[in-house]
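Please look through the sequence and the model shown below before reading on.

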Amino acid sequence: MSSFIRELPKVELHLHIEGTLEPEMVFYLAKRNGITLDYADESALRAAYQFNDLQSFLNIYYQGMQVLQTEQDFFDLTWAYLARSHQENVRHVEIFFDPQAHTERGVAFADVVNGISGALAKAKQEWGLTSYLIMSFLRHLSQEAAFETLQQAKPFKSFITGVGLDSAERGNPPTKFTQVFAVAAQQGYRLVAHAGEEGPASYIRDALDILKVERIDHGVAAIHDAPLMARLAQERIPLTVCPLSNLVLKVVDDMSEHPMLALLHAGVCVTVNADDPAYFGGYMNANYQALQEGLGASDADLLQLALNSVEACWLPESEKATLV
Ligand code: HPA
Ligand code: ZN
């Protein structure tokens, strides 16, 4: 790992907190909560992390998070991620959580948000590590279910800055959620959506023009659509790209074929993020390193990527200045 990458001040904009659940913590929480797992030990669980596509990952991801049951579990999960981020010189994070994946199992919305928010507040106090929380709707579920979740979030509005859209992309286009995104915007949430990970570039356009999101999560399919790329560059619409995720989920066959640098050099505001680091082989520094070693990104490229994240984040301009 180069000292340049380690010392670079970083901002993370695409991270699912449930995707930071390491096998060791799965076993620790299973024991604490009296749950029997289908795997003999940590290494047997890790060996099951073999993915062909997004859906094969999601199956394991939703299974793993069933050990998260109490407010303390969500606090411990989030705290472990923030401690790791602090070690890697990550200065600000905007993280997703998937409330429906927990409330569907009978976990209280309050326990999820209070656990996560408690850890976020502690990291700000201890390290000055700032954060925003983004509530993601699961796109394989109905718009009606998303509306119910928006309603459940009402008492916690002050802890939740944005609304997002994740889970199985193909067959679940942005237009399925047009009304709920409009209402979320009226309620004062900022908007993002996963689009163009496995889905087509048209999902990116629809997320921008119909859902009216301000950032696209992933968005790598834009590389196949020259007019869209030109628009993204012209309007400086940020893409929160996740290199190791794209490799492990076979969005790209090899890191040398990743579109990150083509997008960067075309003037698109691309950023580096870890997505689900416990499953995809690394946190922020590992993602920067993959671009350096696998794609030949220069230190100047990596610096520009880090500056793009500062530009794309939601901190007030006065606070952005203190990040770099
Ligand atoms: N894509 C879609 N849904 C997800 C992801 C992702 O990368 N990670 C967690 N849920
Ligand atoms: Zn994601």
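Ligand 1 is surrounded by His16, Gly19, Leu54, Tyr61, Asp166, Ser167, His194, Glu197, Ser245, Asp275 and Asp276, where a residue counts as near a molecule or strand if its C-beta atom, placed from the backbone, lies within 6 Å of it. Sorted by class, this shell holds two nonpolar, five polar and four charged residues; Ala, Val, Leu, Ile, Met, Phe, Trp, Tyr, Cys and Pro are counted as nonpolar, Asp, Glu, Lys and Arg as charged, and the others, Gly among them, as polar.

The model is predicted, and local features need pLDDT of at least 70, side-chain atom pairs count only at pLDDT 80 or more, while totals for chains, interfaces and linings use all residues. Residues are numbered from 1 along each chain as its sequence is written, and chains are lettered from A and ligands numbered from 1 in the order in which they are written.

Eight strands form an open sheet with parallel pairing, in the order S1-S2-S3-S4-S5-S6-S7-S8; helices (H or I, at least four residues) and strands (E, at least two) are DSSP runs numbered from the N terminus, and two strands pair if DSSP finds at least two bridges between them. S1 and strand S8 (270-272) stand at the edges with a single partner strand each, so one side of each has no neighbour in the sheet. On average, and with direction ignored, neighbouring strands of this sheet are turned by 25° against each other; axes are lines fitted to C-alpha atoms, for helices over the stretch in contact, and angles run from 0 to 180 degrees between N-to-C directions.

Strand S2 (residues 90-97) is mostly covered, with eight of its eight residues buried; a residue is buried if 20 or more other C-beta atoms lie within 10 Å of its own, exposed if 12 or fewer, and partly exposed in between, with C-beta atoms placed from the backbone. On one hand, S2 is joined to the parallel strand S1 (residues 10-12) by three bridges, and Val93 is the bridge partner of Glu12. On the other, six bridges join S2 to strand S3 (residues 130-138), which also runs parallel, and here Phe96 stands opposite Ile134.

Helix H15 (residues 284-295) lies across S1, S2 and S8 and runs at about 120° to S8, where two residues are in contact if their C-beta atoms, placed from the backbone, lie within 7 Å. Elsewhere, the axes of helix H5 (residues 71-87) and helix H7 (residues 109-127) come within 7 Å and cross at roughly 35°. Residues making this contact include Phe74, Phe75 and Trp79 of H5 and Ile116, Leu120 and Trp127 of H7; by class, the contact has ten nonpolar, six polar and four charged residues.

Most residues other than glycine have a negative phi. Lys212, however, has a positive phi near 65°, and this residue lies in the loop between helix H10 (201-211) and S6. Lys250 likewise has a positive phi, of about 60°, and its place is the loop between helix H12 (243-248) and helix H13 (260-265). Lys212 counts as partly exposed because it has 13 C-beta neighbours inside 10 Å, and Lys250 counts as partly exposed because it has 14.
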